[in-house]
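Me: I have a structure to go through. Please show me how to read its interface.

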Amino acid sequence: MHWQTSVRSLRGIQSEPMFKFIHAADIHLDSPLRGLERYEGAPVDAIRQATRRALENLVRLAIQNQVAFVLLAGDLYDGDWKEFRTGLFFVSQMVKLREAGIPVYLIAGNHDAANKMTRRLPLPENVSVFPPDEPKTLVLPDCDVAIHGQSFARASVLENLSQNYPAADSGLFNIGLLHTAATGREGHEPYAPCTVEGLRAKHYDYWALGHVHKQEVLCDDPPILFSGNIQGRHIRETGPKGCVMVTVDDRHATELQWQWLDVFRWEYCRVDASSATTGDDMLDRVRQRLSHLVAAADGRSLAVRVEVAGSCRAHRALAAEPNRWTNEIRALAQDVGGGELWIEKVQLRTALPADTAGQSLDGPIGELVQRIAELKTDPQDLANLGGEFSDLLEKLPPELKEGSESLGLERPEKLREMLDQVEQMLIHQLLAREGPP
Amino acid sequence: MKILQLDLRAFGPFTGRSLDLSEGDAGLHVVYGPNEAGKSSALRAIEQMLFGIPARPSDDFIHSYKNLRVGARLSRASGPPLEFLRRKGTGNTLLEADNETPLPEDALRPLLGALDRELFRTMFGIDHQQLIQGGKEILHGSGNVGQLLFAAGAGIADLQTVLARLESEAEELFTRRAHTRKINQTLKALDTARKRARQSQLPGEEWAQHDEAFHAAKMQRDAVQQQLQHCQRDQSRLSRIRQAQPMLAKHRELLGQRQALGNVKILPADFPEQRRTAITDLEVARNDAQKARDELQRIQRQLESIAVPTALLARAAQIRELPDTLGSHRKAQRDLPGLRARRELLLQTAAEILRQIRPELSLEMVEPLRLTTLQRAAIADLGNRHAALVQNLEQSQQDIRDSREQLAAEHSQLAEIEAPRPAGPLKDAIRRVQSQGNLQQQAADVRAELARRQQQAAVELGRLPYWSGTLEELEKLRIPAIETIDRFEKELGEAEQQSKQLSDRLAELTDARADAERQLDESRREGEVPGEDDLAAARRLRDQGWQLVLESWRPAGDMPTASVGMAPDPANHERLAEFLAAFAPGLDLASAYAQAVARADQCADRLRREAGRVATRAGLLARRESLGRQIAAITQQADEARAAQIALEQAWQAPWLTVAIQPGRPREMRAWLQRHQSLLEEAAAIRVRCGEAQRLDDCMEAARAQLRDALAALAAPPADGGAHLAAMLDHCQAVVDRIEASHTQRQQLQKSIRQLVQRSSAAEGRAERAAAEIAQWRAQWALAIEPLGLPAETIPAAANQVVTQTAEMFARLAEIRDLDERIQAILSDAALFQRQVDELSAALAPDLAGQEVAAAAERLIALCNQAVTAQNEQQNLHKQEQRHQAALVKAQQTIDALAARLRTMCQEALCQRAEDLPEAERVSQTACRLDEQLAALEEQLLDLSGGAGIDALRAEAETINADELPATLEQWTRQIEQLESQRSQLDQTIGEERNTLATMLSGAEASEAAEEVQELLAELDTDVRQYVRLRMASAILRDGIERYRQKNEGPVLRRASELFQRLTLGSFERLSADCDDRGDKVLKGVRPGGGGAVDLAGMSEGTSDQLYLALRLASLESYLIGREPIPFIVDDVLVTFDDSRAVAALRALGELSRRTQIIFFTHHQHLVQLAGQTLDPGVLFVHAL
C-alpha cells in the first residue's frame, strides 16, 4: 500500500510527539460511483465497493500508526440508503480498531441523521457518538484531550451549532468536532453555518470539520479544516482523497499530514487542441495528457473526463462524429492506462479556426448553416426544436434532468452547445464522400 | 475566378506540364486524354491546387511526396492574376511561382470564400457516377421539389439517403412505443436495477430479529448446559457409592482379624535371615581359632633345631667377591705365555720391513719416515693422475693415425664411382606412362570383355526366334514400335475376348434351347396336353358338325330340314365325309356331332383342368422359339467378330512381314522386342569396347616411344624384348634407380671425407695438450716423493709400495707397545689376589694357611654359602609363626562379636534365648500381611469417596439403600439424555442463526445494483445526447430544404424546365411542380402536345440522368448570378448519352461557359469531335493530355 503524503507543518514540532490522531469525514459508505458508462475494456472491477476499500485503508492506517483515536466528522452513509449490511460493514471495521485499542469519536452528519439504519446499528464500545440535542465534551485522561461535539438531530440543521460549544478547557488539548458548511460551499447544503472567527473564539487547539467533500484548510492557527471525503464518487470530486493525520507534541503544537486513502481517483484531462489539423493530432495530445495522469495516480485506477477545446481545423471532423472520437479516446485509454483507466466522458468543445469561422456559405449548405445560426439566437425557435424530442424527455429518469451534469435539454445554452455538433454532423453527412478517383 | 493556367509541374505522371486555360471569356475547355494519359491526376491536381495536397497523396508515384508541386495562374475579380505553387505539407504550402518564396496560407481565401474542399467537390464538380446516382435518386424518390432543388444546388446525389439515415439512426435509439430500441431497453434495465437495489437491501429489522434469536438460543443453551452438569455430578456420586459398598464390607472383616492378633512386635522383613547367618558364622570362627593354636606349636619345635655361624656371615660380603676375582686370576695366568710370544714375532716383522725399504736404518731411527695424511694423499693423487695423462696422450696419437688411414681409403672409393648423369627426363617419362594406369592390363581386360560380349551376343542372336542373320543386320531392321505392339495386343485381346464371349453365349443359348427341348419332351411324355390350338380345332370341328346338322335340318330354302341324316347335295356330302373322317368310322352325323361336342367340351375342360401344364408348355414353346432367334443373332455376331479378328491379325502381321518376320502373338513379340532391344544394346556396347581397345593400343605405343627416347638420351641400353610395356617400364625404372644410387653414394662419401679431416685435426690438438700436462705432472711428483727419500724418476707404483710398507711397519711398532702394557697389568693383579686370600684364611679358617691360593679361595666360598642357608630357614619359620598368631586373634574377636549380636536380637524380639526367635518371627509376618491388605482397600475407598474420606463415604453409603440404587441411577441417565438432546437442538438453532447472519452480511447485491444504476444512467446520457443530435439534425435539414425551395423554386425550375426540354430533344415539353395529396410539391415531366404529366418514377434511366443534369446546370446558373464565378469541373458525364442528346448537353454547357469557366475532362475522342462540330470556336477550346 502506498501512502502519498504531503506535509503541511503549521507549527513545527519542537518537542517529542505526545500522540497522533486521525481526522476523517464523509465516508458515504456504499455510495455508488456516478457517471461511469460501461464499455468494453473499462476497468469495471476497480470501482466495485470503492468506498469500502477506502474505509479499510483508513482503519489500516490508524492501526499501523497506532494513533490515539480517530475522529469522524459526520456522514458515514448516504441518507437514503437502507442497506443494513453497509452499517454492519462499518461496525466490522470499528471492531478492528477496538481490537487495536483505538477509540473512535464521531458525530452524525445530515446524511446520518436522515438515515434510519443508524439508530438500529449496534456500535462497538470503542465508538462514541456525540448526542444531537446539545454539545457534549469527552475528556480523554490518557492524553489530556477534550473533544467537543454535537450530532445532527435531523437532516436539515440550519442553526450555528458551534455557537453553543463550551469554552476550551485550559491545560487540555481541545478538539472541536463539527459537521458544517462553514460560510457556505458550492454544491453543499448550507447546514450548521459558522465562521472561522466564531470557531477561533472558542480557543480550541484543533477543529475537525466535515460535510464539505473538498479538502480545505480554513485556518492555520489553530488548524481548522475540512479533511474532505475519503473516496471521490463522481467527476466533481477529483484528485486525491483521504484524511489528515495529526501529530501533537507535549506543547500542543501540531503537525498535519495528508494521507490518501482513495482506491479509485477522478481527474479532468483538459486538452488544448488549437491548431490540430486532424483528429489524430488531437488524439496525440490526449495521449500525452493521459500518460501524465496515469503516472501521477500511483497505481490507482482512474476515471478521467476528457475535455477537448480550442479553435482548430480538426473541429469539423471532431464535431461531425463525436461518438467515433469518444471511442477512439477510449481505445487510447486502454493503451495508455493498461486497463486501469476509465474514460468517464469525452467533451469535444472545439471551434472553427478564425479564418473560416467568419465566412458565410451560400447555396443549400449555406442555408443550413444560416438556419442553425438563427436557432442559436432565437429562444422561441430553439424551444420549438426541443419539441422534436419531448417524447423522450418525459421518459427520462430525474438524474438525467437535474443537476449540473445532467443533459439539461430544456436549457437553451445546452441546446446551443449541441447545435454546433449538429451543424458539423450535417455538413459531414451531406458532403463527405470519397475524393475523385 | 478563372483558372488561366494549370501548372502540373511535378504531379502524377506530369513533369513541367501546363495547360493554358486562358482562352475565351470563360470558355468550355475540353481536356481529352485517352486511358493512362493522366486525366484523373489532372482532375485531382485542380482540387489539390486549390485546397492542398492530402497527407497520403495518390500522385507521388513519379515525384516523391516531398517534391510534389502543382500550381496555377488564377484571374481575380480585382487585381492582377494570382500565380502560385502548392507543395505538400502541414503549413506554408503556398509558394510563389519561383518555388521558393512562401505565400500566406490564406492567399486563396478571397477567391474561395467559405468554400472548402468537400463543398467545391460536390457543388462545382460532377462526374459520371454522380450523374447516375442523381438520376437514380430522381427515379426512386418521391419527386419532392424541395429535395430535388436542394440536392442539385449542393451537388449532393444522395440527399434522400442522408435523410433516411438520420431518421433510422434516431429510431434505432428510441421510439415512443417500441421496447427493442436501445434507449427503451436501457430505461427498462434501469427500472430493473433500481428495483433490485431496493429489494436486495437488508432491512435492519430482519437482521435484528435473527441476531436476537441467535443470542436467545445461546443463553438457553448455557442454562441447559449447567443443568446437565449438575445431573452428571449426582449420577457420578451414586455410581461411586455403588462401587464402594462391597469394599467397605471387606475392610471391616480384615480389621477384625488384625485386632485378634493383639499387640505384636513387628520384626524387620530380613530378621530371620540375619538370625540364621549369625549362628552359622559363630561356628566357623570357633574352628579357625583351634587350627591356629596347633600350627604355632609345630613352628616352635622346628626353630629350636637350627644353628647359625655369625662370624662368617659378618665377612660374607668380602667372601662373595672371591669367585669373580678367582676366575680372572686363572684366565690371566693362562694368557701370559701367548702374549709374550706374540711380542717377539711383531718385533721381527717390523725389523724385516725396515730392512726392505731403508736397509741402512735401525728401528730406533725410523721416526723421520712417518708421513702426514696430506702427504700420503698427494702422492696417491698424483699417482692416479699419471696413468690417465699417459693414456690420453696415447689415445690422441692413435686417433690421428686412424683418421689418416680412413681418409686415404675413402678418397680411393670416390675415385671409383661413375660420373653423374641426369635421370630427370626418364623419370618424367615413366611418371607420364604410369599416370595412365596399367595400360596393358586395361587393354587385356577390354579385349576379354569384348570377346565375352561378342560370344554372348552370338548365342543370344542364335536364340532369337522368328528371324536369323548377323548382329549388324539385326541392327538395321525396322521393327514396329512397342506402342504398336501394345495397341495390337489390346485390340486383338479385345477381339478374342469378344469372340470368346460370343461363343460362350452361343453355348449357353444352345444349352438353354436343348434344355427347353428336353422339358418339352418330358412334358409330352407325361401326356399330350391340349393347347389352345387343339381347343380351337375341336370347336371348329364341332361347329362344322353343327353346320352340317343345321343343313341337314334345313329344307331346301333357308328353313332347316326336318330330320337329320337326309343329305341333299354333294358338296355338303363331301364336307360331311370330311367331318366324319375325324371320328371312328361308322358313326352317323348325329353321333359324330355329339362326339364332336363332347370332344370340344373335353378339350375345354382339360384346358381348364390342366391350365398349369398348358401354360408351362406354352411357355416352353415360346422360350424355344425365342432361344432359336437369339442363337441365330449371336451366330451372326460371332461370324462378324471372327472376320474382324482375322482382319486385325492381318494388320498385325503386315509390318512384320516387310522385315521377313512371321510374328507371333503381340505378347510374344513384346518379349521378342525386349530381347531385340537388349541385343541392340549389346551391339552398341561391343562397338564401344572395340573403340576402347584400339585407344588403349595407341596409348601403349605412344608410351613405348616416349620411354625409348628417354633411354636413348641417357645413352642407356634399350630394354630387351622391347615390345612389352611393363618390362620396358621396369627396365627404365632400374636405370633411374642406378643413377640415383650412385649419386647418393657420392654425396655420402664426400660428407664422410669432410668429417674425417675435421676429426684428424682435432686429435692433433688433443695430443699437444696431453704432452704439456705430463711435463707439469713430473715436477709435482718429484716434490711429493722427496720425504720418502726416493729419486724423482721413481714410478708411482713403486712409490706407492714404499708408502704402504712404511705404514705397515709403524702399525707393528704400535702393537708391540700395547702388548707390553698388558703383560705388566696381569702380573700386578696376581699379587693383589694372593694378599686378600691370605688375610681371610688367617681370620676365618686357620686350617687353610699354606694351601694354594685358588683352593683356599674355593673353600672359603663353600663355608660362606652354608651359613647363609641356615640363616634363611630360621627367618622363614619366624614369619609363619607371626601369621598364625594373627589368625588366632582375629577368630577370637569374631566369636565375641557374634555372641553379642545374638543377644541383641533376642532383646529386640523380646525373647530370653536364641532358640525362641523363630516363633516370634512367624507372628510378626502374619500381622504385616493384614496391614498391607487394609492399606490397599483404604486407598481404593479414599478414591471412591471423591476426597471426602473413608468415614464420610461409609456414612454416606449407609444412608443409601443398596437395593434402590440401580433404579435411581437409571432415572438419572434418562434425564441426562434428555438434557443432551435439548442442548444439541439448541446448538443447531445457534448454528442456523449464525449462518443466516453470516449470509446476510456477505452479499453485496444492493450496492452492486446501485452501481449498475449509475452505469445505466451514464449510458443513457450518451445515447440520449446522440438521439437528440440526430433528431435536431433531421429537423434542421428538412427545414433548410424547404427554405431553399422557397427561395429558388421559381427561377431554377424555369431554367431547368427549358434545359430538360432541350436535353430530351423535345421528348418532354416542360417540367411542372404540383402539390400532391399531402400538400408536398412534386415535380413531373410534361409530354408535348397535351400528352399529360409523367411521374418522375415513370421516366427512363437516361431521361432521369438528363433531368438531374438540367437541375444541376440550372442551379449553378442561378447560383452564379451576382457571385464570383467558380470553375465547373465536369468529368466525362456524357458517355451514356446518345449523340444527339450529347450535342444538346454540350450546347447547354457551352451556354453556361459564358458565365463561368467549364473544364470538361473526357476519355472519348468522338465527344471531342461532336463538340468541335457543334460549338462555336470562340467557346470551345480543346486540350490534349
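Me: How much area do chain B and chain A bury between them?

Reply: The size of an interface is often given as the accessible area lost when the parts come together. Buried area is that loss with a 1.4 Å probe, summed over both parts. Here chain B and chain A bury about 7000 Å² between them, 62% of it on carbon and sulfur atoms. Glu1015(B), Arg1029(B) and Ile1036(B) supply 10% of the area that chain B buries against chain A, more than any other three residues.

Me: What ground rules apply?

Reply: This is a predicted model: local features need pLDDT of at least 70, side-chain atom pairs count only at pLDDT 80 or more, and totals for chains, interfaces and linings use all residues. Residues are numbered from 1 along each chain as written, chains are lettered from A and ligands numbered from 1 in written order, and side-chain values use heavy atoms, without hydrogens and water.

Me: What is the mean pLDDT of chain A?

Reply: pLDDT is the predictor's confidence in each residue, from 0 to 100. The mean for chain A is 87, and 93% of its residues reach 70 or more. Over residues 1-14 of chain A the pLDDT is below 50. Where pLDDT is low, the predicted coordinates should not be read in detail.

Me: How many salt bridges does the rule find across the interface?

Reply: A salt bridge puts a side-chain nitrogen of Lys or Arg within 4 Å of a carboxyl oxygen of Asp or Glu. The rule finds eleven between chain B and chain A. One links Lys1047(B) and Glu367(A), at 2.8 Å, N to O.

Notes:
Contact = heavy atoms within 4.5 Å. Buried area = accessible area lost by both parts, 1.4 Å probe.
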